[in-house]
Amino acid sequence: MSAPKSLRPDTLSLHAGQQPDPATGARAVPIYQTTSFVFSDHDEAGSRFDIARSGHVYSRISNPTVAVLEERMAALEDGVGAVATASGMAAIHIAIATLMGAGGHIVAARSLYGGTHNLLAYTLPRFGIETTFVDPRDPAAFASAITDQTRLVFAETIANPRCEVLDIAGVAEVAHGAGLPLAVDATLTTPHLIQPLQHGADIAIHSLTKFIGGHGIALGGVIVDAGRFEWESVASKFPTLCEPYEGFHGLDFSEEFGPAAFILRARREGLRDFGAAMSADTASRILQGVETLPLRMQKHVSNAMAIAEFLEAHEAVASVAYPGLASHPDHDLASRLYPRGSGAVLSFEINGGREAGRRLIEGLELFSHLANVGDAKSLVIHPASTTHARMDDDALRAAGISESLVRLSVGLEDPADLIADLSRALHRSQK
Amino acid sequence: MNFQFESNDIFAAGEFDKTDSEVIVLVHGAAMDHCVWAFHTRYFRYIDQPVLAIDLPGHGRSTGTPLASIPQAADWLLAFTQNIGVETLCLAGHSMGALIALEAAARGGGRISRLALLGFGFPMAVSDLLLDAADDDRASAEQMMTVWGNGHGAHIGANPVAGLRATTFSKRLLERAADGVLHTDLSACQAYEGGIEAARNVSCPVTIISGSDDKMTPARNAQATIEALKNARQTVIPNSGHMLSSEQPEATHQALVAALAA
């Protein structure tokens with residue numbers, strides 16, 4: 001007899017974190033539109049504040065509707081817990097601030113979402129946190145960049161926009177060998193395509209705004225903690241988790257909560273003090289997306305593959321970056337890590353440079369020209385002038401972002417209609 | 001708090017003072033540690049009640065090798081607490097810890113003022129499948145403990161501790177245990193035969209706290225012990241499996257406070 005199975009992801013997408021509302025029997029997740037929660041007595045009030053009893057206090061720190069989303073994401077990622085935030089960027093910021101203060105150092109992949117690059121390259125240095133950027137395809141480069149001050153290794157599972165595929169296990173081995181956690185931004189892959197915590201990552205971060213929400217109507221982020229990293233084994237590096245915290249009456253998170261140390265501090269300090277909380281209404285909207293995530297992702301990746309193959313064969317296209325194609329340098333790795341498909345964001349170099357790219361984007365009718373990915377509708381953008389515009393020329397070159405690069409986020413439309421739209425616009429772009 | 005005892009470093013969460021007349025002592029289950037009592041420990045500290053959630057030898061932050069039998073562990077618990085200056089124990093144990101607490105209450109006589117047994121049943125039979133897996137297929141054993149140890153409600157979720165996944169939390173504690181600890185602990189549970197005899201020798205009030213959905217120690221499996229105890233009652237926590245404190249922390253809190261109240 002094999003070991004019994006836990007509930008499977010398709011089931012968890014619909015059920016995890018919620019049971020019919022005990023007060024009303026409501027099957028759907030109720031929106032608890034309240035800032036605060038009544039205490040039954042003085043003892044309950046004080047002990048909830050002191051993390052001595054469970055229960056909600058104030059919706060900046062926790063809320064029943066948001067908690068359903070958090071537990072559902074923890075379940076889908078096989079994490080010990082999760083914290084939802086106001087955006088994906090807030091999730092990254094809180095995760096970093098939970099691990100380090102001034103003097104801390106991060107080793108990060110150089111191919112990152114432009115907002116993340118801004119945070120690491122320009123904003124965090126003002127607070128004394130420096131980042132060294134390395135080639136995401138080279139685990140040895142991560143190892144070489146680690147210093148005594150390094151507190152985190154960070155990368156995207158599949159990078160935006162050139163689709164470099166992270167060798168999660170390889171980079172995790174490097175990080176763990178140096179006594180460091182690996183955090184990955186898994187926004188482009190979602191738990192349907194990969195569970196990075198099962199490949200060795202310690203923290204998974206998502207912009208819920210993208211594929212997980214899927215509808216493009218709500219911003220959100222989440223941090224999921226595997227609960228496996230043994231902070232106390234490298235306690236001197238992580239005083240926020242392994243030393244008494246005066247902001248909580250001397251609480252030592254690692255000593256008292258063990259596997260839940262990181263995620264509890266991220267909530268109890270990160271949400272309390274930085275305040276980037278998700279609203280109940282937003283959580284409800286994102287939960288609608290989570291329920292259909294497995295079905296939608298199947299269609300996203302099959303459409304993306306069809307589009308990638310079409311583009312690769314088109315004479316107006318110089319190259320296509322999509323790991324599902326045999327021509328992509330990470331194709332073999334992607335085939336191993338992503339048997340269900342390599343996501344639905346791809347980029348390509350158009351012949352004719354920036355001007356041809358402009359004509360293409362303005363000529364598309366079904367693809368929406370906007371700054372987002374992961375919508376149910378197909379999207380297009382020119383990264384060098386928008387999402388990654390704050391990167392200097394060297395950083396753009398290092399990330400492989402040229403003037404002729406166009407990024408697509410492939411939606412759920414009929415792929416024949418998308419191909420027809422691209423075909424028309426590509427033709428016009430070359431005139 | 002860190003202690004030295006019998007050449008081991010012994011850790012206990014919580015705090016007490018040698019002048020305290022009575023200390024709440026919490027004993028974890030197989031391959032677990034003090035973290036299973038985290039909320040309870042913080043609560044008793046919050047109300048200024050001396051409390052120690054002890055890591056047994058070879059568990060959590062305590063060094064040494066796991067104790068091989070329940071009577072041996074009970075003797076160790078009584079000797080350790082005596083050594084650090086705890087004379088009277090208000091004692092609670094979970095699962096294997098409940099067997100240890102029961103045996104300690106029988107052997108400790110007047111030193112135990114009240115007793116709470118959580119996730120308790122006697123005999124505490126362990127399937128051969130689980131025992132064998134604990135010996136040579138650790139990942140499967142941890143998966144069995146996670147699936148069987150948590151009730152259906154925990155597998156769905158809706159944990160009152162916002163964002164926490166109870167099933168994964170208990171699995172991570174199992175994963176943190178050193179090699180061989182789970183097998184030693186489960187073997188000790190399986191081999192323990194003295195439950196009824198111990199129950200007859202317990203004189204303090206006893207509360208058995210059971211989960212309504214506990215597949216590992218169903219509530220009915222405490223009945224023979226209850227009948228042998230002089231002063232016992234049972235509280236059943238709805239919608240909980242074996243991992244009461246992580247599955248239903250608030251209901252378990254209330255039951256535990258009621259059980260240990262002076």
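1. A word on terms first: helices (H or I, at least four residues) and strands (E, at least two) are DSSP runs, numbered from the N terminus. With that settled, here are my notes on what is a predicted model.

2. Let's begin with a backbone detail in chain B. Ala158(B) sits in the loop between α6 (152-156) and α7 (166-176) of chain B. Although Ala158(B) is not a glycine, its phi is positive, at about 80 degrees. Is this residue buried or exposed? Ala158(B) has 21 C-beta neighbours inside 10 Å, and 20 or more make a residue buried, so Ala158(B) counts as buried.

3. You will find Glu6(B) in the loop that links β1 (2-5) to β2 (8-15) in chain B. Here the surroundings give 11 C-beta neighbours inside 10 Å, and the limit for an exposed residue is 12 or fewer, so Glu6(B) counts as exposed.

4. Please also check the cis peptide bonds. One joins Asn160(A) and Pro161(A), with omega at about 10 degrees. Pro161(A) belongs to the loop between β4 (150-156) and α7 (168-177) of chain A.

5. Chain B has a cis peptide bond too, running from Phe122(B) to Pro123(B), with omega near -5 degrees. Its proline, Pro123(B), is in the loop between β6 (112-118) and α4 (128-136) of chain B.

6. Now to the interior. In soluble globular proteins, nonpolar side chains tend to be buried together. The largest nonpolar core here has 231 residues, and the members touching the most others are Ala95(A), Ile223(A), Leu346(A) and Ala101(B). What does Ala101(B) touch, leaving aside residues up to four places away in sequence? The partners of Ala101(B) are Val27(B), Leu91(B), Ala92(B), Gly93(B), Leu115(B) and Leu117(B).

7. Finally, the overall build of chain A. This chain holds 17 helices and 12 strands, and its C-alpha trace spans about 75 × 55 × 50 Å along the principal axes. For 431 residues, a compact globule would have a radius of gyration near 22 Å, and chain A agrees because its own value is 22 Å. Buried residues make up 55% of the 431 residues in chain A. Among contacts in chain A with a separation of 6 or more, 72% come from residues 24 or more positions apart.

Key: Residues are numbered from 1 along each chain as its sequence is written. Chains are lettered from A and ligands numbered from 1 in the order in which they are written. This is a predicted model: local features need pLDDT of at least 70, side-chain atom pairs count only at pLDDT 80 or more; totals for chains, interfaces and linings use all residues. A nonpolar core is a set of buried Ala, Val, Leu, Ile, Met, Phe, Trp, Tyr and Cys residues joined through C-beta atoms within 7 Å. Two residues are in contact if their C-beta atoms, placed from the backbone, lie within 7 Å. The radius of gyration is taken over C-alpha atoms; the globule rule is 2.2 Å times the number of residues to the power 0.38.
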